[in-house]
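Please open the structure in your viewer and keep the selection tool at hand. Each stop of this tour names something to select and then describes what is found there.

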Amino acid sequence: MAVRLFSKLKALPSVPATYASAAAAPATLSDFDLQHKTPVIRKQKLIPVAQYGGRHAVSMLPGGGIGPECMGYVRDIFKYIGAPVDFEVVDIDPTIDNDDDVQYAITTIKRNGVGLKGNIETKSEAAYVTSRNVALRNELDMYAYVMNCKSFPGVQTRHKDIDVVIIRQNTEGEYAMLEHESVHGVIESMKVVTASNSERVARFAFEFARRNGRKKVTTVHKANIMKISDGLFLETSRRLAKEYPEIEHNDMIIDNCCMQLVAKPHQFDVMLMTNLYGSIVSNVVCGLIGGAGLLSGRNYGDHYAVFEPGTRNTGTAIAGKNIANPIAMINASIDMLEHLGHHFHADMIRRAVDKTVNVDRIVTPDVGGTASSTDVVQSIMGNIGLDH
Amino acid sequence: MSLISRNVFRALVQGSQHVGKGVHTSAVNPEKNVCLAPHSISTLQSQVSKEGRIKCTLIPGDGVGPELVYAVQEVFKAASIPVDFESFFFSEVNPTLSAPLEDVVNSISRNKICIKGILATPDFSHTGELQTLNMKLRNALDLYANVVHVKSLPNVKSRHNNVDCIIIREQTEGEYSALEHESVPGVVECLKIITAQKSERIAKFAFDYAVKMGRKKVTAVHKANIMKLGDGLFLRSCEGMAKLYPRIQFEKMIVDNCTMQMVANPNQFDVMVTPNLYGNIVDNLASGLVGGAGVVAGASYSAECAVFEQGARHIFSGAVGKNIANPTAMLLCSANLLSHVNLHAYSKMIKNAINKVFQDGKIRTKDLGGQCTTKDFTNAVIHFLDHEV
């Protein structure tokens with residue numbers, strides 16, 4: 001879908017010419033220009049997809065905290081159902097100060113096209129070591145983050161039947177990582193909003209809504225204060241909304257949006273927002289639905305897709321205690337199978353997860369159950385194939 | 001008296017065994033986490049039929065092909081492997097009996113897996129057709145990557161031990177493009193086509209295969225010193241792709257040197273990636289090092305399907321009907337096929353059985369210096385099938 005979107009974008013005059021790769025760009029552009037002034041130029045050269053004889057190769061980045069154990073469960077389940085996926089595992093050592101491992105991980109995703117990741121720790125506090133999660137998203141130019149937030153009937157929460165999709169700009173905004181101390185004691189942190197990236201993500205949101213039969217898109221912003229930056233984002237989404245007359249469009253200020261979410265979450269359908277607001281809103285919704293351990297998120301770029309648990313927490317405190325909720329990672333793996341076109345296997349796992357959580361109610365303590373992680377996984381594997 | 005008591009005792013023991021079995025099954029079933037037999041669901045989606053059996057296209061081929069394929073079917077039957085074959089007689093030398101290409105292509109693209117004997121290819125074209133049936137099949141399915149895993153077998157005498165290399169060959173372009181013409185009488189031009197897209201694709205396949213198999217090194221085989229543009233493009237594509245794989249060593253070797261190194265010191269090679277014709281030559285050369293065409297398995301891959309066939313393609317027409325051909329290669333192919341569709345247990349079972357036959361050393365076909373028949377060998381493999389694996 002993202003690739004198809006990209007082809008449409010190329011026709012738009014506002015987007016500067018795209019080069020086959022960063023290396024092919026004119027020599028006049030310095031690395032700094034490439035990095036900070038021309039965000040759209042970082043288009044990647046197309047690399048053949050790693051699909052051979054019906055099997056896909058996928059990069060697996062277990063990350064830190066509960067990542068490795070959850071990945072273990074995913075591999076168990078994939079092995080059990082015989083999903084046609086071969087994992088290439090890349091471990092990243094969080095304590096090392098250089099970026100070699102991260103660069104290698106990014107390279108593997110570039111050549112495989114698809115990744116499944118836990119949350120990667122960045123322990124180093126040195127200023128020159130950037131957050132590895134952010135680096136990964138920026139380097140792969142994954143501009144859209146999608147989180148399907150759907151209530152699990154089997155999990156006790158204040159609100160029932162929430163069904164919201166959060167679409168978040170993933171590569172710029174407050175996460176531009178441009179901070180400096182101009183005068184001693186005065187630090188400026190830049191928030192970058194570009195028309196091209198706003199347009200890409202807005203188009204993504206409307207296309208998503210159209211393809212998935214959604215009725216409404218809500219743009220979340222703070223344009224009353226940040227009139228130019230958030231104003232641009234808002235204007236872009238309003239402009240694009242005119243191209244999708246069948247989809248209702250409204251906008252909401254972020255503070256009001258948070259209040260509405262906890263009070264009346266059912267009014268929302270698809271929500272479109274910039275980077276930091278997306279981070280906040282997705283965590284709020286996760287909290288409404290039952291915590292960090294249930295939902296999965298998807299990062300899309302023009303060529304690459306990376307799937308991960310919805311809230312980006314490592315869960316270091318509960319690592320190795322066999323109480324981590326494996327559902328989020330399993331949901332991410334289902335998303336991945338769907339993306340690769342293996343609907344048969346994806347449905348098989350989804351039905352089993354549904355039965356385990358909503359019918360058998362075998363869940364971990366974080367969502368009010370008493371089962372251990374392995375109990376949940378055992379139950380899911382037991383439920384697989386029962387409805388055939 | 002003793003006879004009667006023995007019989008009574010036997011009956012009692014057997015009875016108790018039956019009871020034990022019954023208790024065992026009924027005790028396990030109610031638990032939710034009883035494993036379904038893995039084969040009932042563990043497959044690529046499209047080949048699965050209702051009962052969880054897998055469908056596989058089967059092309060017996062020419063020469064000894066049908067005999068070898070029969071050996072595979074015997075072994076599958078003995079091991080009760082849940083695979084159903086959809087058989088097609090497909091032949092270039094017997095065009096009247098051959099199934100149409102479309103039928104075979106449809107069947108393979110539906111089943112996604114195929115096991116194939118060798119197709120004979122006549123030396124001269126009588127019809128003016130330049131493409132062989134093999135090439136047509138590959139082009140129709142876009143089976144661009146041929147993988148031959150050359151590995152020394154236990155207890156088989158050859159000049160080199162512990163040969164273990166994987167040869168990956170581009171097989172849809174290059175010298176096999178079937179573009180030949182006689183511009184002036186007595187002057188024939190044959191076009192060798194190399195494209196960046198296909199070179200990159202095969203290079204990526206080779207590196208991805210190396211990653212999947214945990215290999216350390218990829219060697220590109222070329223003749224770019226003479227064919228500077230054509231092979232040069234292939235080599236550059238490989239070099240470009242190698243940058244994406246910083247943890248795999250990349251080296252290049254000219255094809256003539258490569259063949260010499262192969263017979264002198266084959267252990268230096270790990271994964272090799274080659275254009276079409278060089279791959280064909282190196283495949284056969286390497287197969288000769290470990291025991292010949294009868295013991296080396298291969299496979300061809302497209303994005304969607306996989307066709308499993310012998311590594312060195314010889315029809316061995318001299319042995320037709322004599323029951324002396326070596327079925328090892330075909331059996332290894334079938335084992336690879338099973339592991340491709342996630343039936344790892346069965347795959348291991350067949351591979352272990354073949355290894356045991358070789359380690360046992362009593363059953364040898366003629367090509368490895370023995371006196372046994374194809375049938376003997378197949379039966380020996382069946383004998384060693386260990387259902388407990």
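Predicted model: local features only at pLDDT ≥ 70, side-chain atom pairs only at ≥ 80, totals over all residues.

**Stop 1: chain A as a whole**

Chain A contains twelve helices and 13 strands. Of its 388 residues, 59% count as buried.

A:Lys264 is found in the loop between helix H8 (254-263) and strand E11 (270-273) of chain A. Is A:Lys264 buried or exposed? Its relative accessibility is 53%, so A:Lys264 counts as exposed, the cut-off being over 50%.

**Stop 2: the annotated span of chain B**

Now select residues 53-381 of chain B. For this span, UniProt gives the feature "domain: Isopropylmalate dehydrogenase-like", taken from an unreviewed entry. The span is 39% helix and 19% strand, and its end C-alpha atoms lie 23 Å apart.

**Stop 3: where the two chains meet**

Show both chains, each in its own colour. Here 32 residues of chain A are in contact with 31 residues of chain B. The area buried between the two chains is about 2700 Å², with 58% of it given by carbon and sulfur atoms.

How many salt bridges are counted between chain A and chain B? The count is two. To view a salt bridge between side chains, select A:Asp101 and B:Arg247, where the N to O distance is 3.2 Å.

**Stop 4: the nonpolar cores**

In soluble globular proteins, nonpolar side chains tend to be buried together. The largest nonpolar core in this model has 92 residues. Among the residues with the most contacts inside this core are B:Val150, B:Ile168, B:Phe205 and B:Met262.

Select B:Val150 and display its surroundings. Leaving aside residues up to four places away in sequence, B:Val150 touches several residues, including B:Val163, B:Cys165, B:Ala286 and B:Val296. A second, separate core has 87 residues, and A:Tyr143, A:Met329, A:Leu337 and A:Leu340 are included in it.

**Stop 5: salt bridges within the chains**

Side chains of opposite charge can pair when their charged atoms come close. Over all chains, the count comes to 42 salt bridges.

Select A:Arg298 and A:Asp335, which form a salt bridge with their closest N and O atoms 4.0 Å apart. This pair links distant parts of the chain, for A:Arg298 is in strand E12 (residues 296-300) and A:Asp335 is in helix H10, 37 residues apart. Both A:Arg298 and A:Asp335 are buried.

Next, select A:Glu338 and A:Arg350, whose side chains meet in a salt bridge at 3.7 Å, N to O. Because A:Glu338 lies in helix H10 and A:Arg350 in helix H11 (residues 343-359) of chain A, the pair ties together parts that are twelve residues apart in sequence. A:Glu338 counts as partly exposed at 27% relative accessibility, and A:Arg350 is also partly exposed, at 36%.

In chain B, select B:Asp360 and B:Lys362. Their salt bridge has its closest N and O atoms 3.8 Å apart. B:Asp360 counts as partly exposed at 35% relative accessibility, whereas B:Lys362 counts as exposed at 65%. Return to chain A for a network: salt bridges that share partners join A:Glu199, A:Arg203, A:Arg239 and A:Glu243.

**Stop 6**

Most residues other than glycine have a negative phi. A:Asn322 lies in the loop between strand E13 (305-309) and helix H10 (327-340) of chain A. With a relative accessible area of 26%, A:Asn322 is partly exposed.

Finally, select B:Asn342, where phi is near 70 degrees, again a positive value in a residue other than glycine. B:Asn342 is placed in the loop between helix H9 (328-340) and helix H10 (344-360) of chain B. Why does B:Asn342 count as buried? Its relative accessible area is 12%, and buried means under 20%, so B:Asn342 falls in that class.

Terms used
Residues numbered from 1 in each chain as written. Chains lettered and ligands numbered in written order. Heavy atoms only, no water. Helix = DSSP H or I, 4+ residues; strand = E, 2+ residues; numbered from the N terminus. Buried < 20%, exposed > 50% of the residue type's maximum accessible area, 1.4 Å probe, protein only. UniProt positions renumbered as here; feature names shortened; annotations may be inferred. Core = buried A, V, L, I, M, F, W, Y, C linked by side-chain atoms within 4.5 Å. Contact = heavy atoms within 4.5 Å. Buried area = accessible area lost by both parts, 1.4 Å probe.
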